[in-house]
Amino acid sequence: MTLLLMAAGSGSRYGKLKQFDDLGPKGEFLMEFAMYDAIKNGFDHIVIITKKEYVQLAEDHMEGRLPENIKLDVLAQEITDLPEGAVFNGERPKPWGTAHAVWTARNVINGPFAVINADDFYGKSAYENAANFMREYSDDETYALVGYILKNTLSEHGSVSRGVCQVEGDNLLSVNERLKLEQEDDYVVDHDSGNKYTGEESVSMNFWVCKPSIFERIESDFRGFLADEETAKTAELYIPKIVQDMLQDGAITVKVVPSGGEWFGVTYASDRDNAVAFLQQKTDEGEYVSPLWN
C-alpha cells in the first residue's frame, strides 16, 4: 500500500514552505507523522510530490529515517510534464493542481494508494481505516473518501471552506464546496450560499483512497483542460473533480470511510505555534516516540 503526500504548494499565506518546516519535537516535518501512522498500519511505499527545487531537500532529510523495508520516491511536479503529444505554449505561475500532482506518480504506483495533503494532520485512526478499506476492496473500481465531522474542522479564527459530502449509506454521492462556513449558535452556516448544517455532516479534507485507474482518467481530462488555452493559463485540475466525474460516469463507486479521529491543518504563520504544541502534546501522551524514527 502506498501513501502519496502532496507537498508542492508554495506556502504563500504561511510565509515559507510549510511542508518542510520543523514542527515536531525533534525537528520532524508534519508529513513525517503521516508517514509514521501509515507505516504502523501496513503501508510500505511513500511517495512525496514536491517542487523540483525541493526534491533533494526532501531526500536528504528522509535519508536513514524510514525503516529499511519502506520504499521512498520523491518526485517533482513540473509544468513541463504533459501527456504525450500535448502542448502548452503559455506561461503559468503555479503547478497544474492536485490531480496533476497525483498523475506525477503514475510511473511509480501500481496498486491502491492513499492521497493526502502534506501540511495536514489526519490522526492515527484515519490511516488504520484507510488500510482496512484497501484490504477489503481490492478491485480497481471502488475508491474511498476518508471523511471528517464538519463541526470538528471549524476554526476559531473565522470562516473556512470545506467540501460537504452528500452520502447515502456509506456511498458518496457528491462533494459540494462551501466557501464560508462558520459556527453560529446551534448551526454551521455557509455565509456564501446561506445553507445551514447541523455540524454532524461528513466533509472532505482531501484524504482519498484511489486505485491506478485514476491515472488514465486524469490524463484524459488533462488533455481536455489543456485544449482550452484560457483555462490552461490560470486554472487548476483538482482531485475531487476527477473523482466526481468518474463517479457520475458510473466508472467507480466511492465509499465514505469515517476518519475516527481529529484533523488540523497548517495554513497561516499563526498556525505554527499551535501545531508545535499539538505534536508535543501527542508525543508527551505517548502516541508518538521522540525522535520519531529510531
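This is a predicted model: local features need pLDDT of at least 70, side-chain atom pairs count only at pLDDT 80 or more; totals for chains, interfaces and linings use all residues.
Q: Which peptide bond here is cis?
A: Start with the general idea. Most peptide bonds are trans. In this model, the bond from serine 290 to proline 291 is cis, with omega near 0°. Look for proline 291 in the segment after helix 8 (271-284).

Q: What is the phi of aspartate 185?
A: Again, the general idea comes before the case. Most residues other than glycine have a negative phi. Aspartate 185 has a positive phi, near 55°, and is not a glycine. The loop between strand 8 (171-184) and strand 9 (187-190) holds this aspartate.

Q: Is aspartate 185 buried or exposed?
A: Exposed means over 50% relative accessible area. Aspartate 185 has 74%, so it is exposed.

Q: Where is asparagine 206 found?
A: Asparagine 206 sits in strand 11 (residues 202-210). Its phi is positive too, about 70°, although asparagine 206 is not a glycine.

Q: Why does asparagine 206 count as buried?
A: The cut-off for buried is under 20%. Asparagine 206 counts as buried because its relative accessibility is 14%.

Q: How many residues of helix 7 are buried?
A: First, the general idea. An α-helix has 3.6 residues a turn, so residues three or four places apart point the same way. Now the case. Helix 7 (residues 239-248) has 10 residues, and seven of them are buried. The helix is mostly covered. Its buried residues include Ile239, Ile242, Val243 and Met246. Gln244 and Asp245 are also among them.

Q: Which glycine follows helix 7?
A: Glycine 250 does, and its phi is positive, near 80°.

How values were computed:
Residues are numbered from 1 along each chain as its sequence is written. Side-chain values use heavy atoms; hydrogens and water are left out. Helices (H or I, at least four residues) and strands (E, at least two) are DSSP runs, numbered from the N terminus. Buried means under 20% relative accessible area, exposed over 50%, partly exposed in between (1.4 Å probe, protein chains only).
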